[in-house]
Structure formats: structure tokens, C-alpha cells
Amino acid sequence: MGSEWIGVDLDGTLAEYDEWRGVDHIGPPIPAMVERVRRWLAEGRRVKIVTARVSHPNDAAGAAAAIFKWCLEHLGAVLPVTCMKDYQMLELWDDRAVQVEPNTGRVLGRSTRGLD
Ligand SMILES: [Mg+2]
């Protein structure tokens with residue numbers, strides 16, 4: 001599987017999210033997604049947490065520390081955390097993403113916010 005990795009969003013995808021409560025608060029795990037990530041890890045796949053929580057230099061270290069702790073508790077492993085895509089990112093699983101068909105712009109998923 002090489003260096004390919006699967007990106008998984010945190011808030012609203014892996015962990016329940018309602019409103020911002022600070023870097024130290026991460027919601028309870030979402031079982032279906034946590035089990036999926038655990039399976040990927042057991043299969044030897046690389047998984048990274050992709051979250052805007054580490055996009056602000058002023059609090060990225062504190063945010064990452066909280067995420068590492070959450071990962072260890074709920075996934076049984078500390079996953080890399082990033083807010084960036086790179087060429088090895090195979091897929092991104094994210095509650096805000098809308099999937100489009102390559103090279104056509106045709107929507108395969110749907111906007112949950114009524115955008116078109
Ligand atoms: Mg999200």
C-alpha cells in the first residue's frame with residue numbers, strides 16, 4: 001500500500017461536534033467511523049487525521065496534543081495529524097466534503113448545505 005494515506009476529518013466525522021468548546025474538548029467517538037478507521041489500521045493502511053484544528057500556528061501544538069490523546073483513547077493508536085493534502089492522500093473522509101466526478105464536475109455525493 002506504499003505511502004498512500006487516507007485522510008479522516010475529526011469534528012463531525014470521527015468525533016461528535018456541536019459547537020466550538022476549545023482545543024481541549026473533542027467530542028465522543030462516532031462508532032461507525034471509529035470502527036472503520038480501526039479496521040483500516042488493522043489492514044495496515046495509513047490514516048491521518050485531517051483537521052483545521054492544527055491550521056493556526058498559535059495553538060497547533062496544543063490542539064495536536066489533545067487529538068493525540070483522543071486517538072490513543074478511542075483508536076488505540078496515535079495517528080498523524082495534518083491540515084494539508086499531499087500527493088499521497090488517497091481519499092478524504094469529511095463531513096463537509098462533496099464528492100465530484102473526476103474531470104466532469106458532476107456531483108457524486110450531495111451538498112448538505114443546499115449549495116449547487
Ligand atoms: Mg468536520
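User: Which protein donors does the magnesium ion have, and how far from it do they lie?
Analyst: In this predicted model, the donors are D9 (OD), D11 (O) and D95 (OD), lying 2.1 Å from the magnesium ion, where donors are N, O and S atoms within 2.8 Å of the metal (3.2 Å for Na, K and Ca), and since water is not among the atoms, sites may look incomplete.

User: How are the donor residues spaced in sequence?
Analyst: The spacing is D-x1-D-x83-D. D11 lies in the loop between β1 (5-9) and α1, and D95 in the segment after β4, so the pair ties together parts that are 84 residues apart in sequence; helices (H or I, at least four residues) and strands (E, at least two) are DSSP runs, numbered from the N terminus.

User: Is D11 buried or exposed?
Analyst: D11 is buried, with a relative accessible area of 15%, while D95 is partly exposed at 33%; buried means under 20%, exposed over 50%, and partly exposed in between (1.4 Å probe, protein chains only).

User: Switching topic, how many aromatic pairs does a search of the whole structure find?
Analyst: The search finds 1 aromatic pair. The rings of W40 and W93 have centres 5.1 Å apart and planes at 70 degrees, so the pair is edge-to-face, given that rings of Phe, Tyr and Trp (its six-membered ring) pair if their centres lie within 6.5 Å, with planes under 30 degrees apart counted as stacked, over 60 as edge-to-face and the rest as tilted.

Terms used:
Residues are numbered from 1 along each chain as its sequence is written. This is a predicted model: local features need pLDDT of at least 70, side-chain atom pairs count only at pLDDT 80 or more; totals for chains, interfaces and linings use all residues. Side-chain values use heavy atoms; hydrogens and water are left out.
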